[in-house]
Structures are given as structure tokens and as C-alpha cells.
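Here is a short briefing on a structure. Look it over first, then read the points below.

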Amino acid sequence: MSELDRYANSTVDWRKTLRTNNRRTFFVIAVFFAIYFLLGLLVDTYLASMHYPQAPVSQIFSALITLHIFPIATLVMLAVAAISLLVTFTLHDKLMLLGTEYREITPETAQTLLEKQLYNCVEEMKIAAGLHYMPRVFLIEADYMNAFASGYSEKSAMVAITRGLAEKLNRSELTAVMAHELSHIRHMDIKLTLMASVLANLMLMVLDIFFYSALFSRRSNGDDRSRNGLVAIIILLRYLLPVINILLLLYLSRTREYMADAGSVELLRDNQPLAQALLKIQNDHDNNQAQYRDAYQQTPHENVRREAYIFDPVQAGIEPMTSLADAFSTHPNLKDRLAAIGFKLK
Amino acid sequence: MAMIIIVVLLLLIGGYIVMTYNTLIAQIEATRNNQKQIDIQLDRRFKVFESLINVVKKYMDYEKTTLKDVVALRNQAQQAKSQGDEKARIAAENKISDIASNINVVFEQYPDLKANQNCMQLQEEIVSTENKLAYAKQSYNDSVETYSATKKSFFTAMVVSLFRTKLDMDFLYWQLTQDKIAAQEDYTVKL
């Protein structure tokens, strides 16, 4: 409570928060699809320009758009994307718990009051959210405080929380965290972020293959003007697109976090429990930084869960930076999250 | 050309009407389902509390009588020991073991059934049951809100007027009566 006193409470229209973030998500996904199809068309244009070396690029391009030339590369990319999405979706819940020591909680297997309470909290939120299926509940044996939700549909949904979280939060805070996780399920965030990241990775793969093949084939005949122009675009994209991808993915995942926070307030009709829970989690990570760093690092495949966690460990200075994406947090910082649910720093 | 434009327009309008119709039907059914969810939770509350009270009563009785039994048998055993009657003592001790194993069975049925834990579990179950009921009501009201807002919004309202009997439902928000609200407002905890 004392920590929360530093913030001024105000009311926030969670309906509006949900609406704006919905719009943002739509924008991000539209941009992704646009880039995807443009890249496909670019590959097709390049392939076609090998067939018709004399034709100018603009003519080939318009022929592709009007389907006079069959856009084979675009369709192949689409098919590969569909297959990889299917595989990711089917394996996802197994993937998410990879490397952790976990136990499923059901009314029958709940051994302690704590586990019973955890299950009850999830069930209450399930009713409040009007979900038709009870998500599976997993308890991860770890000291650090974190939780995540997964599943590509309501039916296959699951929530997992660490023992540290279940023990250190009180009942209403625990319910708020569960509401946040169930909001992820309700808003189909897992599906969305997975789809976006599969599309993004595929784009980069295609671009890479394309980049090298263009580099090597260029040496054979260098006097082809239309293809030279295309190669320049490819080289530019090769360095620009990964950055755009990361920024889009981060924007998407942050937007979804705000939405889940708003969803939690929507279900509880109270913003205080979530704010308290978030502050507790942050402080706990700050206080036990060294210990948790070891715990996170000793758990294999931690990066799979990073986006799904309610709290990004990177924000507490935990986890080494291994790639460009790690330089930015997948979550908005705590101050902004609290402000979005109505707690402004005094 | 004009013909094609008219046909396309008609198709678009028809498609919009069908989609709106289906959306509204889905919302109506969701609202009905959520309405029934309140009944389900009311029913659940009754049954849970009934069985909880029974379990606790039974357990409390059991604990009381067992304690008495154990004390009595213990006394018998002590007495037998002081009198040197080994046979009577073994019989009494064996009976205590029987009771202990019976208690274990009860323990297995209700994990962590200690006196304090017992109360906490009871409390958790009551809180959770009441919460579930409250959230069911909230969820119902949410679906009424979604449905009513869609129904009354522009364009949709025009579709609704075409199929009044099917699409125009009047769901009431779950609420307390005025008297009840006044009574609840005056309520404070008296310690």
C-alpha cells in the first residue's frame, strides 16, 4: 500500500483504452501483411525479370498485380507461413512450459489452500470474462514472481504462474494478475503475437535467401538495368526490414500488454489490485535481482516465455542481452502501465 | 454498367444485413447464457454451502467424539499398565491405532484438515463462491451492455427494425430494488 501512495489515483476509461489499442493492433497487423505481400511481389518481380530481361520493372510489376504473370513466390511464401503457423500453434503450449518444473492444478490435485485459492481465482475470472472453457492452470516451482498465459484458442488456453507469485500476492492481487492473463486469452493475444512473429521471421528468411542469390547472380551479367535497381532495393531492405520488424513486434506486444491491463481493470472493476501487484512484482525483482538472475538463467528456454510474462525480467536488469530485440523491452515500463490504468506518479 | 453497380450495391447491403443479423443473434444468445450462469451460480452456492456445513459439522463431531474416545482408551491403557494387565493394555492401544487410521482416511479425503486450516478453507470456499456469483452477474450485465449498445447504434437499429421479433430483445440489467439499495447503503459493520 505504502508504495502505491506515491501515485495519485484517477479514473480511467478502460473501454477507451481497449478501443485505441484494438486500432493500433489492426494497424500493426495491416502493416505486416502489406510488407509481406510487397516482399512477395518483389521476389516475383525479380524472378520475372530474369525471364523477361528486356521488360522494365514497372511493366512486370503491373503485370503481376493484374495477375498476367502468376505471383508464384508470393503464394509459396503464404503456404509456408500457413504451415509454420499450424506447427507453432499445435506445439505451443508444450513449448511454453519448456525447461520449467511445473505441476497442473485441478480441484482434485490441489494439495494446499494456496493451490485451491489459485484455482478459484482463475475460475472466478473465467466467469467474469464469460469464457466458455476453463483454462488449464499450472504452477511453476520458482521463487521469482511471474505469470503468463498461452494457447491459440479459448479451448486450448492455459495460465501458468510461479510459486513465488502465488505466495507473495494477496487474494485480490492474485485475482488481478489472473484477470490480466485471462484478458490475454480473451483478446487472442497469443495467436496474434505468434502470427506476427512467424510472419516476421519468415520475411527475414526469404529476404536473406534472396539477398545472397541476388549478390551472386549479379556477377554473371551486370548490364541489366531493371535488375540492378531491384538489387539495390533488396540490399536496402536487407538492413532496414529487420529493424522495422522488431519495432512493429515490440509495438504490438506493448499494445497488447496495455490491453490486458485494461482488461484486468474491466473484470475486477477496480484498478488498485493490479497496480499493487505490478509494484510488488517490480520491487521483488529489484530486491532479489542477483538471486533471480541466476534462477532465470538456469531455467532453459526462458526467451520463449519472455513476451508472454506479465513482467519482463529485462526491465529489472535481469537476463543478458543476446540480440537486438533484447535492447528494448517487450513490455511498457511500469510507470506508463500504471498511468494507463489510472495511477499517476505524484 | 449501371445494372452492375446496382447489383453490387444490393449484394453489399444484403451482406451487411446478414452479418448484423448474425452478430445480434450471437449477442442475444450470449446474454441468455450469461443470464443462466447467474442461476447456475446461485444453485452452486446453495449446494456448496449445504455440503460445506455438513462436512464441517461431521468433522467437528468426529473430532470431538474421537478425542473423547482416544482419551478414554488412553486411560484404560494406562490403568491396565499400572495393574500389569498387558492384554487389556494392548487391546486399548490397538483401538487407538484403529481410530488413528480412520482419521487418516478422513485426512486423505480432505487434505490439510487441521482445525485452523479447516476454517481457512471454509472461508476461502465462501469467498470464492460469493465472488463467482457476483462475477456471473457482472458478466451478464456486460453482455447486456454490449447487446444493447449494438442494437441501438446507427445502421444496426435499421436492421433491427426489419426483424423486430427476432432481434429486438429487452434484457434488464441485474440490479437491486430501490428499497434494497437503501437498506444496503445504511449497512455498516457493527463490531
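A residue is buried if 20 or more other C-beta atoms lie within 10 Å of its own, exposed if 12 or fewer, and partly exposed in between, with C-beta atoms placed from the backbone. This is a predicted model: local features need pLDDT of at least 70, side-chain atom pairs count only at pLDDT 80 or more, and totals for chains, interfaces and linings use all residues. Residues are numbered from 1 along each chain as its sequence is written, while chains are lettered from A and ligands numbered from 1 in the order in which they are written.

**Two loop residues**

- A:R269 is exposed, because 11 other C-beta atoms lie within 10 Å.
- A:R269 sits in the loop between α8 (225-268) and α9 (272-287) of chain A. Helices (H or I, at least four residues) and strands (E, at least two) are DSSP runs, numbered from the N terminus.
- The phi of A:R269 is positive, near 55°, and the residue is not a glycine.
- B:F155 counts as exposed too, with 10 C-beta neighbours inside 10 Å. Its loop lies between α3 and α4 of chain B.
- B:F155 is not a glycine either, yet its phi is positive, at about 75°.

**The sheet of chain A**

- Four strands make an open sheet with mixed pairing, in the order β2-β3-β5-β4 of chain A. Two strands pair if DSSP finds at least two bridges between them.
- β2 (102-105) and β4 (147-150) of chain A are the edge strands; each has a single partner, so one side of each lacks a neighbour in the sheet.
- On average, neighbouring strands of this sheet are turned by 25° against each other, direction ignored.
- β4(A) pairs with β5 (residues 158-162) of chain A in the antiparallel sense, over four bridges. Opposite A:A147 stands A:I161 in β5(A).

**Helices on the sheet**

- Helix α6 (residues 171-186) of chain A lies across β4 and β5 of chain A, at about 25° to β4(A). Axes are lines fitted to C-alpha atoms, for helices over the stretch in contact, and angles run from 0 to 180 degrees between N-to-C directions.

**Where the chains meet**

- 16 residues of chain B are in contact (C-beta atoms, placed from the backbone, within 7 Å) with 11 residues of chain A.
- α3(B) gives the largest share of the side of chain B that touches chain A, 12 residues.

**Confidence**

- The model scores ipTM 0.71 and pTM 0.76.

Definitions and conventions: Two residues are in contact if their C-beta atoms, placed from the backbone, lie within 7 Å.
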